[in-house]
Amino acid sequence: MIALDPGADLFPLIAAVLAAGSCALLGNYLVLRRLSLMGDAISHSVLPGLVAAFLVTGSRASMPMLFGAAAAGLLTVVLVGAVRRLTRVEPGAAMGVVFTILFALGVLMLAYVPHEIDLDTDCLLHGQLEALYWHDAPASWGEALSPAAIAAAPRQVVTLLVTAVAVGVLVGAFYKELRIAAFDPSHATALGVPAGLLHALLMIAVAATTVACFEAVGSILVIAMLIVPAATARLMTDRLGSQIAVSLLVGIAAAITGYLASFQLPGVFDAQPVNAAGSITVVLGISLTLTLVAGPKHSVIARMRRRRSIAKTITSDDLLGLLYRAEEAGEPGVRFADLRAIPRLTAAVVPADRAGLVTHKDDRVSLTEHGRRQAASLIRRHRLWEHYLVEHVGLAPDHVHDQAEKLEHIHARPDGDTPQDPHGRRIPPAPRGNH
Amino acid sequence: MRDLTLRGGFNTSTVLLGTSLLGLAAGLVGAVAMLRRRSLTADAIGHATLPGLAGAFLIASAVGLDQRSLPVLLAGAAVAALASVAVIQWLARQPRTHEDAAIGIVLSVFFGVGVVLLSLVQNKAPKGSAGLKDFLFGQAATMLPGDVYTIGAIAGVCALGVLLFRREMAVVCFDRGFAHAGGWPVALMDAVIMVLIVLVTVAGLRNVGVVMVVALLVIPPVTARLWTERYHRMLMLSAALGACSGYIGSAISAAFEHAPTGAVIILTSGVLFLVSLTAAPKRGVLASAARSVFLRLRIAGDHVLEAAHDAGTSRLDRHGLMQIAADRRWNALFRNAVILSLQRRGLLKARTPEGWQLTPGGTGRGARVARTHELWAEYLVRRADIAGTHVGWSVDQVEHVLDAETIQRLETELGGHVHARAQA
Amino acid sequence: MIQGRRTKRPVGDLADRPEHSPQSPLSIHAMTVAYNRRPVLWDVDYDAPAGSLIAVVGPNGAGKSTLIKGCLGLVPLAAGAVEFWGQPLRDERARVGYVPQRETVDWDFPVSALDVVCMGRYGKIGWCRPIGRQHRKAARDCLDRVGLGEYADRQIGQLSGGQQQRVFLARALAQEADLYLMDEPFAGVDAATERAIVDVLREMRATGRTVVVVHHDLQTVPVYFDHAVLLNMRVVAAGPVSEVFTTTNLQQTYGGRLTLLSEAADALARADGAAL
């Protein structure tokens, strides 16, 4: 059983979940609009905005920080657009120019921040979830989950909560507008949906969320929280709604698992806890890798399976074709000895036998009645394709066999009907009630 | 001032030399990377070296090597960087994962792994680890002669690599399809470019930090591109700009107490970029603004001369000028500028009480413009079937920009016709 | 003096243009469109007759798509104006439907065919409102009308090219506009889709709608359309198909470029330094 202490774990967990949730929501649009790197650029370039807000107000109050960041985020988008237009370089280079210069500006400003004000740069970079400690927390969870917790919530958690709600409202209220602007901007514009304005709004939200997450997870890892859940969900779903839901789930689950693993797992080896934000990122990376390798539909394994099953069908089809042609030539079947020359066909005999398509007697393999029907429709497809390629595509008759060999496995039939193929062989008639 | 002349003491000279060499290598490699559209891959590679560094540290301490030996750490960083490149390329090949997402994923997840490993390092050897801050911002001020040798060697390799393969790289960057078909070593060149990026990144990490390496790889090439249209010149210029940024930036930061070297170098190259963006010939903002103003002035001047020609006079009085200005909605400033530019070009004489007198050149120009106008309008009506009443915009614009050869062709094709109509 | 002489006055002044009938769903006045100051469409002047099917034909690079984009304000006009029923686009946007080229969108996008068709209803739904039941039903009816009812829940990337085009068509239907501008709806589609599109077009005409279609197949123009605009950087001819589809007009449209027109476009771009 995992032992959690309300004082040490309540607020870090809440913070991690809120950060992961709001990032995952926005990340979907970044990934879909191929703006992932804008997330990267903005997360660097908000630094001068932050430091400026900090220098002006002299405090780490959340609101000025968020405004500073939003302004810097918007500035980044505008500048990237301007640099692209004026220099006509690739978008990546334009982003690189803008965000490195803004970041350097922030670093320079940081060097002149008076020392008595504490702006912990290490914390900005890799985040300190662990620092969200509740000092006089009650000992038991029952007491901890009470109104007292709300009063005791640290500033960072409140900021994150506000951001998460704002992002939720943005994505919820403008769901269909954001969707059409991302899918088909020119149609959106023709309909009167201001795609440019929505884009700016989205980027401001990304900048503000990035900053709200800084103190929890750090400026670099927030990129993982933005992109990875959405990229993972993208591989699993076909609808924006479900993609957003899955990305939320992935993000939040990774936040919880990663946080717990950061001290539970090293504990097993008697080691010190590791950085929680880093651990969350690693979990996100693992979940993406697993989805890529073993997920539904688009994963490596799923594609391999599909290829294997197609290959099997093709081999089985080839065996049936061979037997059918042998029967046409008057042979009652094919001898194993002859079949052995083509090893993959030999291997196909057993599965075909099991499917009731072929039978073997003595040393001969021959078609069953069921197999013959299937072979006939297969040969029909093959010869119709040959006919089509010669008649309509204009290939030479002696070239079409290989092409037709590939096409016959596709369950589409070329138009037209004819009794003979280009080689003068009979095309088996269509079975009744089925083309 | 002393710092700018390499006399600021041994330490400063070391830093100046090191950052200049790094800038040179980065500018050179970055130029190729930009042409290959790989600018931000360097960003991912830079961040991805963190787990390599931390991992090398942990492995070295586990097997009893010196954990802080530079070759070990750099080897770790290089391995991680190469791995990140491979992963980016694999990810970008997967369905539904585009290249931008692949770069972002590798950047952040590798960095996350690095952060985790780093906390293990810090737990094991609290004093022995280089801070994360140095990794990102760099500590150029602590550069040692040994570092300069390493950077120098890497810069040499990069220069050699780019020089040796500059033609192949140009072909591969410009047209991959053609390069493939022509049997150019496309995959090899991609690999060489990546390895060079990795080398520069790893060399720069320890001294100037990730973000600065990215800046040096990206900003000088973009700046160089503003100045030249030639591939070789762009490579040279980019390298020179990188070296200058490194040199000037570290000299400035040495002169001020708190100034972080890496940031000042980036800002120096940023200033060079902004200056170029403003002042570069052709591509600069000022140049194109000036071009556009001069074009407008020339066209406006043509309108004035043409109006005089149409009125059958070689004199322009104030009333006539005000009439044209009102028709074309020119303000007083523009009106005066038009007159001034006509006078500068010797088409209009100085003002007299009756107005302005056209010079013979001015009269000739007016007649030519009017003629071109007629020819073009005739062309549109006869050949392009645009209704005669609607040729306004294009005639207004085109008559001023056609070159002599085109006008001659119009003249041969339609001249007789226009003449005949004008007579009638 | 030739006529052109008299037209030298500030651009955009419409007062003395020939009268355009306010009934025309689409009036283009002296429209010139330039990319980076390089004109791709010169001085187009056209009134679309209400309730007709109009084909815009011309060779590649003739500015066919640009014409439609210019009308919808998707590319800026260098000169001229466009009016819809005598009003600017802003006031009549809800009555104007647009079918972009199929290649312009990311077909990997996670939306179903029905979702895409629902997008046509956005103008009627209003901001921040969810898509109501009646709108979904309307969208589903439109999908049925193009014969894709059974594919409503398919992700769009899993449809064939022709089916994707029909989804776009259904989206336009869902918009219930009075004027449609379609960019190459027939490009690369199968026979079934072509029939479906033609059926829909005829249905639109029967209900008094006007449809402007960028089309590339000359042979089918007289079969499918009433009116045609022959375009090659400028309007070569426009009017009823039977009148404008003459050998001379077609030769003028397709018989090589007007080299001088292209050269002048280049010269304009060069003068401004945009052709770097």
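My entries on an interface and a sheet follow.

**Ground rules.** I am working with a predicted model, where local features need pLDDT of at least 70, side-chain atom pairs count only at pLDDT 80 or more, and totals for chains, interfaces and linings use all residues. Residues are numbered from 1 along each chain as its sequence is written, chains are lettered from A and ligands numbered from 1 in the order in which they are written, and side-chain values use heavy atoms, with hydrogens and water left out.

**Entry 1: where A meets B.** I looked up contacts (heavy atoms within 4.5 Å) and found 57 residues of chain A touching 54 residues of chain B. I then checked buried area (the accessible area, 1.4 Å probe, that two parts lose on being put together, summed over both): chains A and B bury about 4900 Å², 77% of it on carbon and sulfur atoms. On the chain A side, A:Leu37, A:Glu90 and A:Ile220 lose the most area, together 11% of what that side buries.

**Entry 2: a salt bridge.** My rule was a side-chain nitrogen of Lys or Arg within 4 Å of a carboxyl oxygen of Asp or Glu. It finds 1 across this interface. B:Arg96 pairs with A:Asp238, their closest N and O atoms being 2.8 Å apart.

**Entry 3: a sheet in chain C.** Strands are DSSP runs of E, at least two residues, numbered from the N terminus, and two of them pair if DSSP finds at least two bridges. I found an open sheet of 3 strands, ordered β2-β1-β4, with antiparallel pairing. Its edge strands are β2 (38-48) and β4 (77-83). I noted 5 bridges between β1 (residues 26-35) and β4 of chain C, and saw C:His29 opposite C:Ala81.

Definitions and conventions: Helices (H or I, at least four residues) and strands (E, at least two) are DSSP runs, numbered from the N terminus.
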